[in-house]
Structure formats: C-alpha cells, structure tokens
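Q: Could we go through this structure together, chain by chain and then contact by contact?

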Amino acid sequence: MIRVNGLTKRYGDLTAVDNLNLEIHQGEIFGFLGPNGAGKSTSINMICGLVQPDSGQIFIHSQLAGHEHKLRNSFGLCPQELIIWPRLTCLEQMIFMGEMYGMATHTARKAGSNLLEVLGLNSKMHKLAGTLSGGMKRRLNVCLALVHDPEIVVLDEPEAGLDPQSRIMVRDFIRGLRKTKTVILTTHNMDEADRLSDRVAIIDNGRLLLTDTPENLKRTAGSGDVLELTIQIEDGRDMQAAGAVVKGMARNVTISDATIQIREKNAIELVPALTAKLKDLNFTCAEIKMRANTLEDVFIQLTGKRLRE
Amino acid sequence: MRITGVIKKSLKEQARSFWLLLLTVSTAPFFVLVYDLITESYAPVYDILILNNDKGMIDTGNINLGDTLIQALMLHEDKSCKIGRVKSRQEAVKKLKNKKADLLMVIPEDFTGFLKAPGSGDSPEPFKLEFLGNITDFNYIITAILAHSFVSDFLLDRTGIQPPFSFTETGIGTSGALNDFELTIPGLVIFSIIMLMLTASVAMIAEVENKTMLRLKLSRVTTLELMGGITVIQVLVGFLSVALTLAVAAVLGYSFQGSVIPVLLVVFLTTVSIIAFSLFIAAFSKSVTQVLIIGNFPLFIFMFFTGAMFPMNVSPWFTIGDYGISVISMMSPTHAVSALNKLLIMQEGFTGVLPEVGSLVLLCVLYFALGIWVFRKRHMLQ
C-alpha cells in the first residue's frame, strides 16, 4: 500500500528524518511511536505530500508520489491540534471539506451526517463548532479527516485530551476502520498503540528503530514480564528453599521477605510449572501478581529513555 | 521592583517582534518621503484653451481681433501657463474632462465689432467671454483668474480704457451645480471600497491563523479557487459598503446623477482590485494582528495619494491618448476616483471612462496574478 524508501528530511543541521524505510500494508492500523521531536510528524507530512523530502521515495499503490502528489486526496489527516472552523456548524464544515475534496454537496452532507452520528455528535450537528466541549471538538477533528472517505487515514494523537467516554468512542471508531482503510496512528500513548495497532514502528531521533506487531515486540524486546509470587511461609520453613526452586526455572529472580519477583519475557508461561513445583515442596502461593511486558518497556530498552522524556 | 521586570520583558518582546516594530515606526517617515516625492514631481501647469468664434470685420480690412487677442495671450506663455487653440467646443470639452486642460475661453462672435464700435467703452451692453471647465477644480479657479487678467490687459492696451466685459462660467457636467458635499461623494465611494482592504486580508489570513489551511492544502484546493471564493464574498461586502455610503449620502441630501451601469462597473473593478491587493497583505502576514499592522501602509497610501480623500495632481510620465499615466496610476483607486468624477460630476457615459476602466482591468489582473503567486508561495506551498 505505502512503501517508503530512504526518506530523509533535514532542517538546517537537524536531521528530522534519517533514511526512513518502511512498508504499511493495506487495511492495517500502523502505529508510529516516538517521543516529541522523534520525526513522526515530519514522516507523516512527507508521506501525505505536505512536506517535500530532501531525498527518498514514497510509493502509494506502487505509484511514485512526488511532492504535492495527486494522491493527497487519498489521505485523511486528523492533526493533533484542533483544526476546525469555529464559526461553522459541525455539519457545515463537514460539507465544506467534502466539497473541497470535490464531492457533491448532497453526498458530502450525507457522509458528514453519518460520521457525526457515529462519533456521537448528531445532536450537535447544527451547533457552531466553537461552542462544543473539548472532547466534542476532538471528535469533530476526527470526522473532518474522514468526510471524503479516504483510503488512508492519518490520526495524530487521536485520543489526546479526550475524556474516558470519548476515548472509548474514538477507539472503537478507529478499530472499525480496520480492513476498510489503512490507518496510520501516531501516538505517545503506549496503551493506545498496543490496543489499536496491528503493527508498530518505533522511531527516535529521526531513525526507525524497530517495526513489528505489538505482541512480537513485547515478546522479543524490553525487560520482560514481571511475575510476583507471595509465598505463605509456615513456621520453620526456609524461604531460601523456595527461592532456589524458582531460580532453577527462571534467570532474573529477586527474593525479599516472602515475595519472589521474576522478570522474564513471557513469564506467564512459567506460572503453571512454578506453582506445581512449589506445591510439590509444600509451599503455598498466597498471591500471584503479573505485570505484562509493555511497549513502554520495549521503548525504554530500545532508546534508553521513557517515551515522555 | 516589579515594574523594572515588566519593562525588561516588554523591551525584549518588542525587540523580538522586529518586523512589526520596524513597520510601526517607519509608517510616518515613509509617508513624509512619499508625500515629498509626489509634491516634488508636481510642478503646476495651467492650461488655457481658446475657441475663437469672432467673425471679425471685413469692411475695415478683414480684421479679427479675436486672433489678435490669442496672439497677445500667447506672449504670456511660460512654464506654468500654456495657451492652446481649439477648433470646436467638443474638442475642448474632451480635453477638459481628461484633465488635459483647465479652462476653455470662448471668444464671442462680435468681439471685433465690439472693440471697433465707436464709444465702445460706454457701451451699455458689455460683451461676454465664456469660461468653461470643471469649476470645482482648484486649477480651474487659478486659470480663470489668469485668463481674466490677460484679457483685461489686452483690452486696456487696445482701447486705452477698461472696457466693460464680463464672463460667464459654464461648468462641464454638473460641476457647477453641485455643492462641496456632493463633490466629495465619488472620493468617499472609493474610500469605502479601500476600507475593504483590511477585511479581505483578514478573511484570507484566517485560514492560515486557524491552521485550517492544512486541511485545505491536503484537499488540493488551488490558491485561485480559495481566493476566488473569498473574493466573491468580499465583492458583495464592497457593494454593500458602497450602497450604504450612497444611502447615507442620499439621506443627507445627495442626489445620484450619472449612468448606473458604468458606475457599478467601476465599483466592481475597484472592489476586485482592492481585494486582489489584499492578497499581498495576507501573503506577508501570518495573523490578523500582522494584517492590521502591515495593512496600514497600503491603506493610508491608497486613501491619501489616489485622490479619494484629497485631490491629487501629479505630472504624468506619459499619456495614452489623452489619459495621463503617473506614479499614482499604479494604484487602482486613482483611476476609480477619476472615473467616478467623470460619471457622477461631469456626466460622462461609459465611453468617457474607457481609459480608467481599461486601467482598472489591467491593475486587477496584475494585482491578482502577483498576489496569487506570492500568497501561494508563502502559505500554500510551505
């Protein structure tokens, strides 16, 4: 669907994007992860045809896309900033944007009404956008990106500033786009990327560090899952004996008081064997806690810093 | 003290708004310069046309004192006073309307007879010279005084006495019948259109300031489509502004006299040209605040140096037909004011304002082409 070869963009001495190579498949939700200034927005803007790359090529459906390429109509961009017309009603601006994309007024009206309804703005259709609440404006921002039924939807931090209710609505909406549209998602929110993305690209200092599915990334990178076992210690029992059993089954083990902490990739897979072994030795697990390896752990391992730093 | 903190902060912010600061403080000096350049280039010349209707006297040796008067007047020609003969009244009126001359003096048929008649100095019926021109024009007034003085000197020289003569003034169009208030209406109509410059620029820059330009860029809307759409609405605002101006004037006693269609055409072209010029202001601004500061420059220049507020007489660089092209011809309101003066005061028809209409069309195209190019370069491509 989208193939990017050696995309580079410099602003003076700063290399915003450095030799970016990636492929985005049709119908997938592709997450772009990276801290501020990592080069996410520049990459997206180059792919959308809004910024001219210094070097590199972008192919959309195997067709080379130049600057200001004609395929820009294939994109629907929902920027992080609220970009709406405050003195137009929700429906009026949907119709306006539809017309700008060459749609007939009645088609734009229909598409606009449907989108507003899906994102819970049907009761605000005839209200001025400037009078909407922050969450509603954000949802309108998303609607405006989709009115012309683009093939590729670019959502820049779509959940930023949303209340929980709106977040669920937007998240469901994005999930609904899967298969019918190709979605490029840029976000700081690891949870958002993990829940929504079919594949994730981690970018930092303009460079692509890794691309894979969130599951694969969590399985292969990061510091691993954290498994905590609290042992019920009976009189006279030696905690060290339980520790020795666990150390024999896992590598990264810490013991403190009655708690054994294991840090290992796919640690959950160890739980049945560990509990069985401990039971054989007459140790009882009073509590088992599990924190799965997150994309943030993966990111920290890859970049040496937290995403919000 | 907190005030020193505020002073330091304000100083830094002001210095860092370098271009705005420069524009603000350079506006008045720039005006001084422009005004000086315009007045320096303007050396007043008073043009008198003479139409000799004198039949002369054949019985006394084919004498025509009208010709003699003209020859005598020619002696007064210098850098500031030009004397020219015309063969017909129509020829003279055309020149007067195009401001190629300031006054037509018509020598009466019985001029020789009057001067040769015995006892002419005691004649109960003084002969009459006719002065024709835009009698509201300052140049006409001075030229009329000069002409009256020259003729008086001639008659005194020929007869030895101050013969009784009078002159009648004929205003071209309705110039003689209008009061001062009515004479300012053409300029005020154009002034109301000039004021459109700021609203048009604000309408254009709003998309940039709101960042909605990003959405429009992605939709591949062209600069021409975007600006064309904004222009249509601004033209309507322009017409509304002109209509309100005329309505208020009508309530205060102004009576519209002139050809409606040519007036509407001039208003339309002027409005379009001002909106097109607004593209430049929008191109060099990024916000409404910047529009208001940058826009002051052309706004005041268009107001004060095009004849909209005050009469402007600038020596032409060259002429096309009878129409003079000068430094102020680069500004569309100059032609618009001239056209409305002809249409509303001199009662000209469409053909009379063809040079102005042509100039307005040319400037509209020029402003639009350049404006679209600059706006696209600065806001649509970046």
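The conversation below takes up the chains, the contact and the cores in turn.

Q: What kind of model is this, and how are residues numbered?
A: This is a predicted model, in which local features need pLDDT of at least 70 and side-chain atom pairs count only at pLDDT 80 or more, while totals for chains, interfaces and linings use all residues. Residues are numbered from 1 along each chain as its sequence is written, and chains are lettered from A and ligands numbered from 1 in the order in which they are written.

Q: How many helices and strands does chain A have?
A: Chain A has 10 helices and 14 strands; these are DSSP runs numbered from the N terminus, with helices being H or I of at least four residues and strands E of at least two.

Q: What does the C-alpha trace of chain A span?
A: Along its principal axes the trace spans about 80 × 45 × 30 Å.

Q: Which domains are assigned in chain A?
A: Domain 1 covers 2-220 and domain 2 covers 225-292, with bounds from an automatic or database domain assignment. The C-alpha centres of these two domains of chain A lie 45 Å apart.

Q: Turning to the contact, how many residues does each chain supply?
A: Chain A gives 14 residues and chain B gives 10 residues, where contact requires C-beta atoms, placed from the backbone, to lie within 7 Å. On the side of chain A that touches chain B, strand 6 (75-78) and helix 2 (90-100) each supply at least two residues.

Q: And the cores, which residues touch the most other members of the largest one?
A: In the largest nonpolar core, of 126 residues, they are M94(A), C143(A), V154(A), V266(B) and L340(B). Helix 11 (residues 260-283) of chain B provides the largest share of this core, 13 residues. Such a core is a set of buried Ala, Val, Leu, Ile, Met, Phe, Trp, Tyr and Cys residues joined through C-beta atoms within 7 Å.

Q: What is V266(B) in contact with?
A: Leaving aside neighbours within four places in sequence, V266(B) contacts A336(B), A339(B), L340(B), L343(B), V353(B), V357(B) and L360(B).

Q: Where does E348(B) lie?
A: E348(B) lies in the loop between helix 14 (332-345) and helix 15 (354-380) of chain B.

Q: Is E348(B) buried or exposed?
A: E348(B) is buried, because 24 other C-beta atoms lie within 10 Å; the cut-offs are 20 or more for buried, 12 or fewer for exposed, and partly exposed in between, with C-beta atoms placed from the backbone.

Q: What does E348(B) touch?
A: Not counting residues up to four places away in sequence, E348(B) touches K97(B), K342(B), L343(B) and V353(B).

Notes: Two residues are in contact if their C-beta atoms, placed from the backbone, lie within 7 Å.
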